[in-house]
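Hi everyone, thanks for coming. I'd like to walk you through one protein model today, so please have a look at it while I talk.

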Amino acid sequence: MLESEVAQFIEGQVMILVATRDDTHRPMIGRGSGARHDRGTGLVHVLVSQSQWPRAAAEARPGRPVSTTFVQADNYRSCQIKGIIAECGPADEAATAWGQHYVRAQLALMTSLGVTRLQLSSTLSDQDLFHIAFRPTDVFDQTPGPGAGRRLGDLSLARDPA
């Protein structure tokens, strides 16, 4: 189960990277289009555009490892969550709506930080969403600085990244 603060962090305005692997353990990386933590089951749910990140989605299979990294764009506070995929498949209507909301909000945030929609068009999409649900096994602080790589437990993401 994720700490409440980590769950809130990954559900906030963060950039999301998702990494799966193929049979030869070669990483397949994509940009996430939304994340949620189910406090009832403990699963983390992420969305990836299949049309934009076909290999990352294709290699997401139950029982395989997945790594996700969540980064706040304005200060680079970040965490990485690793786990084992429990289920995956095309996003249903509710997940698609949640992914569309995430992409709109992320585009607005990134535009306010000076990143153009054209720059984001090759990395951020709410089209053809694929849903990956996984059980977290490890959580790390990845904020740049001396604490990067530290395993999170009761540690706080609320600290300054100094």
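Some ground rules. This is a predicted model, where local features need pLDDT of at least 70 and side-chain atom pairs count only at pLDDT 80 or more, while totals for chains, interfaces and linings use all residues. Residues are numbered from 1 along each chain as its sequence is written, and side-chain values use heavy atoms, with hydrogens and water left out.

Okay, the big picture. The protein has four helices and seven strands. Reading from the N terminus, you get α-β-β-β-α-β-β-α-α-β-β.

How does the radius of gyration agree with a compact globule? For 162 residues you'd expect a value near 15 Å, and the protein has 15 Å, so the two agree. That radius is taken over C-alpha atoms, and the globule rule is 2.2 Å times the number of residues to the power 0.38. Along the principal axes, the C-alpha atoms fill a box of roughly 40 × 35 × 30 Å.

What about the inside? Buried residues make up 47% of the 162. Buried means under 20% relative accessible area, exposed means over 50%, and partly exposed is in between, using a 1.4 Å probe and protein chains only. Now take contacts, meaning heavy atoms within 4.5 Å. Among those between residues at least 6 apart in sequence, 70% join residues at least 24 apart.

Now find strand S2, residues 27-37. Eight of its eleven residues are buried. On one side, S2 runs antiparallel to S1, residues 15-21, with five bridges joining them. By the way, two strands pair if DSSP finds at least two bridges between them.

Is glycine 32 buried or exposed? Its relative accessible area is 0%, so glycine 32 counts as buried. Leaving out residues up to four places away in sequence, glycine 32 touches Ile16, Leu17, Val18, Leu47, Tyr102 and Leu124. Tyrosine 102 is 70 residues away along the chain, yet its C-alpha atom is 9.7 Å from that of glycine 32.

Next, the turns. The hairpin of S2 and S3 has six residues between the strands, and glycine 42 there takes a positive phi near 85 degrees. The hairpin of S1 and S2 has five residues between the strands. Which residue takes a positive phi in that hairpin? Histidine 25 does, near 70 degrees, although histidine 25 is not a glycine. For background, most residues other than glycine have a negative phi. Histidine 25 is also exposed, with a relative accessible area of 55%.

There's another case to find: tyrosine 76, whose phi is positive too, near 65 degrees. Tyrosine 76 sits in the loop between strand S4 (65-71) and strand S5 (78-90).

Note on methods
Helix = DSSP H or I, 4+ residues; strand = E, 2+ residues; numbered from the N terminus.
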